[in-house]
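Below is a briefing on a two-chain model, arranged by topic for reading alongside the coordinates. Please keep the sequence and the structure open while going through the points.

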Amino acid sequence: MTVQKTIQNQTLTIAPEGRLDTITAPQLESELRSSLEGMTELVFDLEKLVYISSAGLRVLLSAQKTMNKQGTMVLKNVRPEIMEILEITGFADILTIR
Amino acid sequence: MISIRNLSKSYEGNRVWSDVNLEIKDGETVVIIGESGGGKSTLLRCINRLVVPDSGEIWIDGVNILAPGTDINAVRWKMGMVYQHFNLFSHLSVLENIILAPMKVAGMSREDAVKEAKQLLARVGMSGRENAKPSELSGGQKQRVAIARTLAMHPDIILFDEPTSALDPTMVDEVESVIRTLAEDGITGVVVTHDLNFARRVASRVVFLADQSVCEEGTPEEIFDHPVNPKTQRFLYRSRVFERELTPDTLDLYALASEMRAFLRRFETEKRQERFLPVLCDELLYPVLMHPDYPAGSAAIRLLCSETSTRHTLFIRFRGIACDPLSEPYLDKLNLTLLDKFTEFIFSSCKEDGWEVCIQM
């Protein structure tokens, strides 16, 4: 997985590409930990994310908890196969998806 | 009629097979199966003398093609060969690939060759793709063009060397149906394949090559459903079962998913089942084998694939494990939800030496 990171004003956009799984989730988690401070908006652009495991979902949930305290978080460009996972796990109800 | 008598072949002192005897009648589709490295392709290539055996005879329509003085070109004129990797000329269009041999070798006029090539393309379901380059075609389409090219020389016999090995499973059907129509048209086919489903569907007779000779032969039903020889029985069992022993030290999730995917693709599968493999790794194997406090000592995986349906079954025996792997502290609701989503059913049971998880994929 590669992660593209863009910061504009206080908006952080994270665009992971590939697979967010057991092996790669810690990489995204560490990326977020070092970048979220001071951000009021977090955008996950998931256009190029093809697979997500529970470890990846946990990273999204943790980011949502952080952003609940300091702003908003949104997922955009979610592919159907990822949307399916978000729906069956109930994450589609607790995350904002655009 | 092809008659193979007491054929033997060695490479640098290593015997490939010896005293092979095989009769292939006109219009039959004979499929040769066997372990990798067992000499299936070597035997096939002896039939058109691309490989010369050490001893024995091969008679084709009353001519011993191994006898000194045999006009091998005349023999080869009756035969076509279809290869695993298609061997199309990449710089030529589909049409040009097909008309090349009829014009250059058979001396046919371009007009006649083009007319016939179009008929052949229609026969293999490729009408309208005359001007496409091979790079613009799928694997299945390339193989159908390769078959059309072979047919352009009007062979009585076609030798197929692993014709579906380089194809996605979705493309096997289209090549299979073309090969079936050839048999219906009376062309004799000799096919080498490791794809046993394909073999079952396309063969009028199956030959199992093992331990340097023909071990068993019969109809697809006889060989696949009621094999008599224990070697055939063992081969068929092994061909349906994928086994791996995993430990926390050697766990490579990507390699495992990739190997299992390659194995599964030899059988009928649904997309959901291929999608399940990374889920299996992420939601079961990793959390149990790599648990920070209570890692399982090992996991023995046994995937049993069905040859007649898409119902494949997976058994995972965890040894050296603290408790039921489908429960806390190993898995939580999120892991189980994802596992449930991609399986027909999943359950665990306590065994003498650990816990076994059974999954119907």
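In this predicted model, 10 residues of chain B are in contact with 10 residues of chain A, where contact means that the C-beta atoms of two residues, placed from the backbone, lie within 7 Å. Helix 11 (271-289) and helix 12 of chain B are the elements that give two or more residues to the side of chain B that touches chain A, and helix 12 of chain B supplies the largest share of that side, five residues. By residue type, the side of chain B that touches chain A divides into five nonpolar, two polar and three charged residues; here Ala, Val, Leu, Ile, Met, Phe, Trp, Tyr, Cys and Pro count as nonpolar, Asp, Glu, Lys and Arg as charged, and the others, Gly among them, as polar.

**Basis of the model**

- Because this is a predicted model, local features need pLDDT of at least 70 and side-chain atom pairs count only at pLDDT 80 or more, while totals for chains, interfaces and linings use all residues.
- Residues are numbered from 1 along each chain as its sequence is written, and chains are lettered from A and ligands numbered from 1 in the order in which they are written.

**The two chains**

- Chain B holds 12 helices and 15 strands, these elements being DSSP runs numbered from the N terminus (helices are H or I of at least four residues, strands are E of at least two).
- Chain A has four helices and five strands, which follow one another from the N terminus as β-β-α-β-β-α-β-α-α.
- Of the 361 residues of chain B, 38% are buried, and in chain A buried residues make up 33% of 98; a residue is buried if 20 or more other C-beta atoms lie within 10 Å of its own, exposed if 12 or fewer, and partly exposed in between, with C-beta atoms placed from the backbone.
- Among contacts between residues at least 6 apart in sequence, those that join residues at least 24 apart come to 65% in chain B and to 71% in chain A.

**The five-stranded sheet of chain B**

- An open sheet of five strands in chain B has the order 11-12-13-15-14 with antiparallel pairing, two strands being paired if DSSP finds at least two bridges between them.
- Its edge strands, each pairing on one side only, are strand 11 (241-246) and strand 14 (345-351) of chain B.
- Neighbouring strands of this sheet are turned by 15 degrees against each other on average, direction ignored.
- Strand 13 of chain B runs antiparallel to strand 12 (residues 298-304) of chain B, to which seven bridges join it, and also antiparallel to strand 15 (residues 354-360) of chain B, with six bridges.
- Within these pairings, B:F315 of strand 13 is the bridge partner of B:R302 and stands opposite B:C358 in strand 15 of chain B, while B:R319 of strand 13 stands opposite B:S298.
- In a regular strand the side chains alternate between the two faces of the sheet.

**Helix packing in chain B**

- The axes of helix 3 and helix 5 (residues 139-151) of chain B come within 8 Å and cross at roughly 25 degrees, where axes are lines fitted to C-alpha atoms, for helices over the stretch in contact, and angles run from 0 to 180 degrees between N-to-C directions.
- Helix 3 and helix 5 of chain B are therefore roughly parallel to each other, the term covering angles under 35 degrees.
- The contact is made by B:V94, B:N97 and B:I98 of helix 3 of chain B and by B:V145, B:A148 and B:R149 of helix 5 of chain B, and these residues divide into four nonpolar, one polar and one charged.

- Most residues other than glycine have a negative phi, and most peptide bonds are trans.
- A:N77, which is not a glycine, has a positive phi of about 55 degrees; A:N77 lies in the loop between strand 5 (72-76) and helix 3 (80-88) of chain A and is partly exposed, with 15 other C-beta atoms within 10 Å.
- B:N87 likewise has a positive phi, near 55 degrees, and is placed in the loop between strand 6 (79-82) and helix 3 (94-104) of chain B.
- A cis peptide bond, with omega about 10 degrees, joins B:E328 and B:P329, and B:P329 is found in the loop between strand 13 (313-319) and helix 12 (333-341) of chain B.

Conventions: Parallel < 35°, antiparallel > 145°, perpendicular 65-115°, else oblique.
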